[in-house]
Amino acid sequence: MAAPILPVAEAATDEETVTAEAGFLEPGAAPYGNFPSYSRFHPPEQRLRLLPPALLRRLFPPGGPDPRPLLGLDVGCNSGELSIALYRHFLSLEEGEICPVSTRDLRFLCCDIDPVLVDRAEKDCPFPATISFVTLDIMDPQTREPLLSSFLNQFGRSAFDIVFCMSITMWIHLNHGDNGLLEFLARLASLCRYLLVEPQPWKCYRAAARRLRKLGRHNFDHFRSLAIRGDMADRIIQILTNDHGMELVCCFGSTSWDRSLLLFRANQSSAPTPYL
């Protein structure tokens with residue numbers, strides 16, 4: 001039974017306000033959400049405080065019949081700060097602590113469309129043996145399918161245990177339209193046992209379009225034609241549950257920038273229902 005959606009806190013800020021005030025990036029210069037200083041205005045700690053550290057142990061109890069590593073995919077990882085923070089959080093690692101390798105360790109594949117950000121993530125990664133960063137346009141099946149299959153095949157797997165999609169859905173939607181968003185969510189649902197999604201609210205769409213206009217550029221090609229709009233968290237819940245057989249397990253609450261963290265489970269998964 002899905003947990004009730006928790007009330008959404010009033011937003012404290014958005015990318016446009018913070019980037020403009022702090023001078024991180026000229027407004028509108030990151031049309032795919034590839035802000036070079038993203039973690040400075042959306043710090044990982046804001047998400048981590050909402051997620052139970054023992055979440056993966058509850059979803060995948062140790063001592064089960066399958067000793068293979070848990071596999072995670074982080075889509076739109078930017079320069080890797082959140083990916084690494086999630087990895088530490090779920091393994092209860094302190095800053096500077098080396099991860100113990102065991103028969104049930106955790107492996108992350110993290111991808112982003114921006115090669116500069118991926119290069120930075122690779123250079124700064126403290127766990128190169130267990131976290132891989134790759135440049136990938138997740139909407140390009142010709143590169144996506146071989147890359148993901150190659151990673152999964154290393155572990156004799158056909159799907160990831162968990163996929164993270166943190167503030168990515170809006171950029172897919174703006175750049176690829178309604179059909180692109182539907183295709184994206186369908187592919188994620190087919191790739192994993194659990195899916196953690198942080199959708200951007202509709203006001204972020206308007207702010208992103210406003211940033212482009214400030215530069216004298218045209219709007220996103222699909223912005224005015226989008227039929228999927230309004231309460232985006234609710235729309236994404238409907239798409240994943242009604243169209244792709246996923247179950248909403250829990251809403252962990254909202255960040256200070258007004259984004260809910262939603263955990264879904266594939267109905268065909270054999271994973272047990274955790275106590276959340």
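Of the 276 residues in the protein chain, 54% are buried, meaning under 20% relative accessible area with a 1.4 Å probe and protein chains only. The model is a predicted one, with local features taken at pLDDT of at least 70, side-chain atom pairs at pLDDT 80 or more, and totals for chains, interfaces and linings from all residues. Residue numbers run from 1 along each chain as its sequence is written, and side-chain values use heavy atoms, with hydrogens and water left out.

As for the overall build, the chain holds ten helices and seven strands; these are DSSP runs, H or I of at least four residues for helices and E of at least two for strands, numbered from the N terminus. Take the contacts (heavy atoms within 4.5 Å) between residues at least 6 apart in sequence: 74% of them join residues at least 24 apart.

Now for the cores. A nonpolar core here is a set of buried Ala, Val, Leu, Ile, Met, Phe, Trp, Tyr and Cys residues joined through side-chain atoms within 4.5 Å. The largest one has 54 residues, and Leu73, Phe160, Leu174, Phe184, Leu195, Leu240 and Phe264 touch the most other members. H8 is the top contributor to this core, with ten residues. Setting aside neighbours within four places in sequence, Phe184 is in contact with Val75, Ile138, Met139, Cys165, Ile168, Thr169 and Ile172.

Another core, of 35 residues, lies apart from the largest one and includes Leu50, Leu56, Phe90 and Cys250. Leu50 sits in the loop between helix H3 (44–48) and helix H4 (55–59), yet Leu50 is buried, at 16% relative accessible area. Beyond its neighbours within four places in sequence, Leu50 is in contact with Phe252, Gly253, Ser254, Thr255 and Leu261. Leu50 and Ser254 are 204 residues apart along the chain, but their C-alpha atoms are separated by 7.7 Å.

Three cavities of 30 Å³ or more turn up in a search of the whole structure, a cavity being a set of points on a 1 Å grid over the protein atoms alone where a 1.4 Å probe fits but cannot get out, with lining residues having an atom within 4 Å of a point. The largest cavity holds about 400 Å³, a volume being the space filled by probe spheres set on the points, which are joined across faces, edges and corners. Its lining has 27 residues, with Tyr32, Gly76, Cys77, Asp112 and Ile168 nearest the centre. H8 supplies the largest share of that lining, four residues.

Conventions: On a 1 Å grid over the protein atoms alone, a cavity is a set of points where a 1.4 Å probe fits but cannot get out, and a pocket is an open set with protein on both sides within 12 Å along at least five of seven lines; lining residues have an atom within 4 Å of a point. Buried means under 20% relative accessible area, exposed over 50%, partly exposed in between (1.4 Å probe, protein chains only).
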